[in-house]
Each structure stands twice: as structure tokens, then as C-alpha cells.
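Have a look at the structure first, then read on.

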Amino acid sequence: MSAATRRAQYLEALGIDCWVPRAGAQRAHEPLPQAPQAPPVPAGPAPPGALSREAAIDADAPAWERLREEVRACTRCALHETRTQAVIGVGNPHAEWMVIGEAPGAEEDRRGEPFVGRAGQLLDAMLRALGLSRETNVYIANILKSRPPGNRDPRPEEVAACLPYLHRQIALVRPRLLLAVGRIAAQNLLQTDAPLGRLRGQVHRFGERNVPLVVTYHPAYLLRSPADKRKAWEDLKFARSVFARTANPEANDGHRP
Ligand code: SF4
């Protein structure tokens with residue numbers, strides 16, 4: 001499959017219209033029409049004195065292992081009684097992009113990995129349209145590590161019990177950008193009850209490092225409401241521009257251009 005075909009499929013999954021000629025109208029040697037595509041996400045400059053990525057991974061390995069062991073054995077809230085397994089996270093442990101969702105669903109609970117199944121496939125398509133993937137340059141985690149029964153919303157006491165794990169993950173990954181997908185993730189990370197619509201389209205800041213945080217829709221919501229995929233694509237392009245500006249903070253005005 002050519003890169004152009006793959007790109008067109010990702011954008012189609014996002015609901016971005018790509019003009020495709022009728023069968024027979026295009027010769028085999030003609031390229032596919034250009035679909036809108038963000039250029040690949042550039043790697044950011046390493047801070048002065050920073051460890052190389054490989055050295056940082058080695059240095060953090062014991063802390064990651066401690067975290068995994070604690071989460072696997074965690075009984076801090078009642079969700080441990082009903083989960084199949086804790087779902088900690090997946091991806092590059094020193095990625096510059098970190099995606100944060102709500103909680104494991106049934107499939108994630110069974111497989112032990114966040115964002116699998118149809119919503120996960122859509123998230124992967126969204127990320128690939130930006131040149132990102134969980135196999136190489138993104139880390140993905142949830143607010144809760146154990147599945148709420150029936151996929152109900154997390155309860156405040158569950159979030160309070162589990163959020164310190166996510167804070168430790170963010171401290172270890174040291175991302176340059178956080179992408180909160182869905183209302184639950186956004187509201188809990190930003191400590192607000194503002195609706196998702198008001199949180200999109202602006203740069204929030206998270207934690208002591210003031211990590212830029214951008215909000216978009218949860219892919220499970222987009223599966224139910226495909227008309228909003230185009231808005232999600234706008235959010236992703238915005239996130240990419242915010243990420244690019246983290247290398248030049250003075251150019252960042254904090255709002256969608
Ligand atoms: S949801 Fe979090 S706090 Fe609750 S049992 Fe699972 S890992 Fe522990």
C-alpha cells in the first residue's frame with residue numbers, strides 16, 4: 001500500500017473528505033489526489049544537559065517497574081474487585097506526545113492495553129494522520145487504570161485514588177504536549193467542570209512543568225457522532241501547531257490561530 005493511499009485511508013477514517021476519481025477515470029501511474037495532511041511532527045530540541053533518550057530510558061527503568069508493580073497490585077479503590085487486570089499504559093516511555101483518556105473499557109480490561117478495539121483503531125488513525133503512533137513516538141494512558149463496571153463514568157473517589165499514578169507517569173515520560181481525549185480526561189486533568197466545547201481550541205497548562213495540554217473528543221464519542229470528526233481533525237492540527245511552538249514559546253499566543 002502506498003503512503004498516499006494509507007494517508008487517504010487515515011483521513012477517511014477521520015471523516016476528512018478526499019476527492020477520489022470514479023473507477024476507470026484514473027490511470028494506474030497517476031498519483032492519488034493530494035489529501036490535506038499535516039507534515040510529520042518534528043522532534044524537539046533536547047534541553048541543555050539532558051540525558052540522551054536511551055540513557056533516560058535506562059535511568060527511569062526501575063521507577064517504571066515500581067509503578068507497574070504498584071498498579072498491578074493496587075487496591076486503593078473498589079474497582080480492583082471487578083477488573084480483570086489493571087491497564088497501565090502503552091507506547092514510548094519517553095515520547096514527546098502523551099495521550100490521556102478516561103478509563104479502560106471491556107476490551108482494554110481483557111487485553112491489558114489502553115485504546116484497543118474500534119475506538120483504539122480510530123485513535124491510531126487520528127495519530128497516524130499526524131505522523132504519530134503508539135509503536136514509536138506516543139505514550140497513551142488513562143485517568144483510571146481499572147475498568148468501571150458497565151463503562152460508567154469514573155467516580156470522584158476513584159479518580160482521587162488513581163490520579164497519582166498518572167502524575168507519576170507524566171513525570172517519567174516528560175512529554176512536551178498532553179492531548180486529553182474526552183470530557184472526563186480533560187475535566188480531571190484541568191480540575192474544572194467546564195464543558196468539552198469550552199475546553200477545545202486553547203492551550204491549557206498542566207503541572208509544575210506547565211506542559212501544554214490540548215483537548216479533543218474521545219474516539220468512542222466520534223464513533224457515535226461522526227459529524228464531529230472534522231472538528232477533531234481541527235483539534236489535532238491545532239495540537240500539532242502547539243507542539244511545534246513549544247520549541248519557540250514566545251510565538252505561542254495560547255489560542256487556536
Ligand atoms: S482504578 Fe486505580 S486506584 Fe482504583 S484499583 Fe485500579 S489502579 Fe487502584
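1. Ground rules first. Residue numbers start from 1 along each chain as its sequence is written. This is a predicted model, so local features are reported only at pLDDT of at least 70 and side-chain atom pairs only at pLDDT 80 or more, while totals for chains, interfaces and linings use all residues.

2. On confidence: pLDDT is the predictor's confidence in each residue, from 0 to 100. The chain averages 84, and 75% of the residues score at least 70. A contact here means two C-beta atoms, placed from the backbone, within 7 Å. Where pLDDT is low, the predicted coordinates should not be read in detail.

3. Overall make-up: nine helices and six strands. Helices (H or I, at least four residues) and strands (E, at least two) are DSSP runs, numbered from the N terminus. Of the 257 residues, 37% count as buried. Buried means 20 or more other C-beta atoms within 10 Å of the residue's own, exposed means 12 or fewer, and partly exposed is in between, again with C-beta atoms placed from the backbone. If you take contacts between residues at least 6 apart in sequence, 75% join residues at least 24 apart.

4. Strands pair if DSSP finds at least two bridges between them.

5. Now the pairings around E3. E1 and E3 are antiparallel over two bridges, with Val90 opposite Ile140. E2 (residues 97-101) runs parallel to E3, joined to it by five bridges; Trp97 has Val138 as its bridge partner there.

6. E3 itself (residues 138-142) is mostly covered, with five of its five residues buried. In a regular strand the side chains alternate between the two faces of the sheet. For E3 both faces are covered: Val138, Ile140 and Asn142 lie on one side, Tyr139 and Ala141 on the other.

7. Further along the sheet, E4 (residues 177-181) and E6 (residues 211-216) run parallel and share four bridges. One of the bridge pairs is Leu178 with Leu213. Val211 is in E6 and counts as partly exposed because it has 18 other C-beta atoms within 10 Å. Setting aside neighbours within four places in sequence, Val211 touches Pro175, Leu178, Arg205 and Phe206 by the contact criterion. Its C-alpha atom is 6.1 Å from that of Leu177, 34 residues away along the chain.

8. H4 (residues 117-128) has 12 residues and spans 16 Å from first C-alpha to last, close to the 16 Å expected at 1.5 Å a residue; the expected span is 1.5 Å times one less than the number of residues. Its buried residues include Leu122, Asp124 and Met126. H6 (residues 183-190) has six of its eight residues buried, so it is largely enclosed by the rest of the structure. The cover over those buried residues includes E2, H5, E4, H7 (196-199), E5 and E6.

9. Backbone check. Most residues other than glycine have a negative phi, and most peptide bonds are trans. Asn151 has a phi near 60°; it is in the loop between E3 and H5 and is partly exposed, with 13 other C-beta atoms within 10 Å. Arg174, at about 55°, lies in the loop between H5 and E4 and is partly exposed too, with 17 C-beta neighbours inside 10 Å.

10. Last, the ligand. It is surrounded by 14 residues, the closest being Cys74, Cys77, Lys145, Ser146 and Cys162; a residue is near a molecule if its C-beta atom, placed from the backbone, lies within 6 Å of it. H5 (residues 156-173) gives the most to the shell, with three residues.
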